[in-house]
Amino acid sequence: MTDQVTTTAEPGTPEIPGKPTSASRTTLSHIMTQADTNLLGTVHGGVIMKLVDDAAGAVAGRHSGGPAVTASMDEMAFLEPVRVGDLVHVKAQVNWTGRTSMEVGVRVLAERWNESTPATQVGSAYLVFAAVDADGKPRRVPPVLPETERDERRYQEAQIRRTHRLARRRAIMELREKRAAEGFED
Ligand SMILES: CCCCCCCCCCCCCCCC(=O)SCCNC(=O)CCNC(=O)[C@H](O)C(C)(C)COP(=O)(O)OP(=O)(O)OC[C@H]1O[C@@H](n2cnc3c(N)ncnc32)[C@H](O)[C@@H]1OP(=O)(O)O
């Protein structure tokens, strides 16, 4: 993992024009059936996570203009159980871009398929996608251009999460190196 947090091009490489958040924002909707349930009879969390990954992957592909792979999924929150017969809407947008990675924010909403009551939020997640070339190597992404106050807040919050991810990873690597130097073999 690299520590670079800006979208500045390397010397000699052209800048990539930015893309507004709305250009790739996407909603994926899916009706939940008996095939999606866990042993408790509610919808399996893994089914929701697959939809989240699909919607976020579509957004990352649209934003970056090519293939993108999931590097991490964190802070997946399940706020309410989802039931058979719920129409689930997975709303995703690019919150932040680095050099080759993007943070995609996802909100999961559910409504009864045959009722006119408003949809309620049942989950949320943040995923990091890396744009890749034909060899699976990271490639540069266009900077995302936040358009609204909410987009701007999400961008700033994503930067905080990015800083924490890098700091946590660095701290764990340092601890492992220290323990190895002290002779621990775990
Ligand atoms: C309406 C829509 C209908 C749609 C309806 C149908 C669905 C249709 C959609 C299909 C969408 C499918 C979406 C599924 C997508 C998969 O399921 S992909 C499969 C699962 N993922 C993988 O297999 C990825 C495996 N990992 C890798 O290939 C490599 O580790 C990676 C991710 C390319 C990173 O490579 P690396 O050599 O570590 O490169 P490195 O330069 O260090 O990192 C590259 C960037 O990633 C970041 N990064 C790397 N690792 C991490 C990490 N763990 N955490 C955070 N950031 C990281 C780095 O910080 C760096 O960011 P920048 O500073 O450049 O911005």
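Author: Helices (H or I, at least four residues) and strands (E, at least two) are DSSP runs, numbered from the N terminus. With those terms, the elements of the protein chain follow the order β-β-α-β-β-β-β-β-α from the N terminus on. That comes to two helices and seven strands. The model is predicted, so local features need pLDDT of at least 70 and side-chain atom pairs pLDDT 80 or more, whereas totals for chains, interfaces and linings use all residues. Residues are numbered from 1 along each chain as its sequence is written, and side-chain values use heavy atoms, with hydrogens and water left out.

The C-alpha trace spans about 55 × 50 × 35 Å along its principal axes. Of the 186 residues in the chain, 36% are buried, meaning under 20% relative accessible area, with exposed over 50% and partly exposed in between (1.4 Å probe, protein chains only).

Now to the pocket. On a 1 Å grid over the protein atoms alone, a pocket is an open set of points where a 1.4 Å probe fits, with protein on both sides within 12 Å along at least five of seven lines; lining residues have an atom within 4 Å of a point. The second largest pocket has a volume of about 330 Å³, a volume being the space filled by probe spheres set on the points, which are joined across faces, edges and corners. H2 provides the largest share, six residues. By type, the lining holds four nonpolar, six polar and nine charged residues. Here Ala, Val, Leu, Ile, Met, Phe, Trp, Tyr, Cys and Pro are nonpolar, Asp, Glu, Lys and Arg are charged, and the others, Gly among them, are polar.

Gln159 belongs to helix H2 and is partly exposed, at 33% relative accessibility. The C-alpha atom of Gln159 is 7.2 Å from that of Trp96, although 63 residues separate the two along the chain. Thr97, in strand E4, counts as buried because its relative accessibility is 1%. A polar atom of the Thr97 side chain lies 2.9 Å from the backbone nitrogen of Val144. This is a polar contact: N or O atoms within 3.5 Å, one able to donate a hydrogen and the other to accept it, with residues adjacent in sequence counted only if both atoms are side-chain atoms.

Helix H1 (residues 45–64) contains Ser64. The side chain of Ser64 reaches the backbone oxygen of Ala60 at 2.8 Å, and Ser64 is buried, with 8% relative accessibility.

Arg161 lies over the face of Tyr126, 3.5 Å from the ring centre, and Arg179 over that of Phe184, at 4.3 Å.

Lastly, a backbone detail. Most residues other than glycine have a negative phi. Glu75, in strand E3 (residues 68–78), has a positive phi, near 55°. Glu75 is partly exposed, with a relative accessible area of 49%.

Conventions
A charge sits over a ring if NZ of Lys or CZ of Arg is within 6 Å of the ring centre and within 35 degrees of the ring normal.
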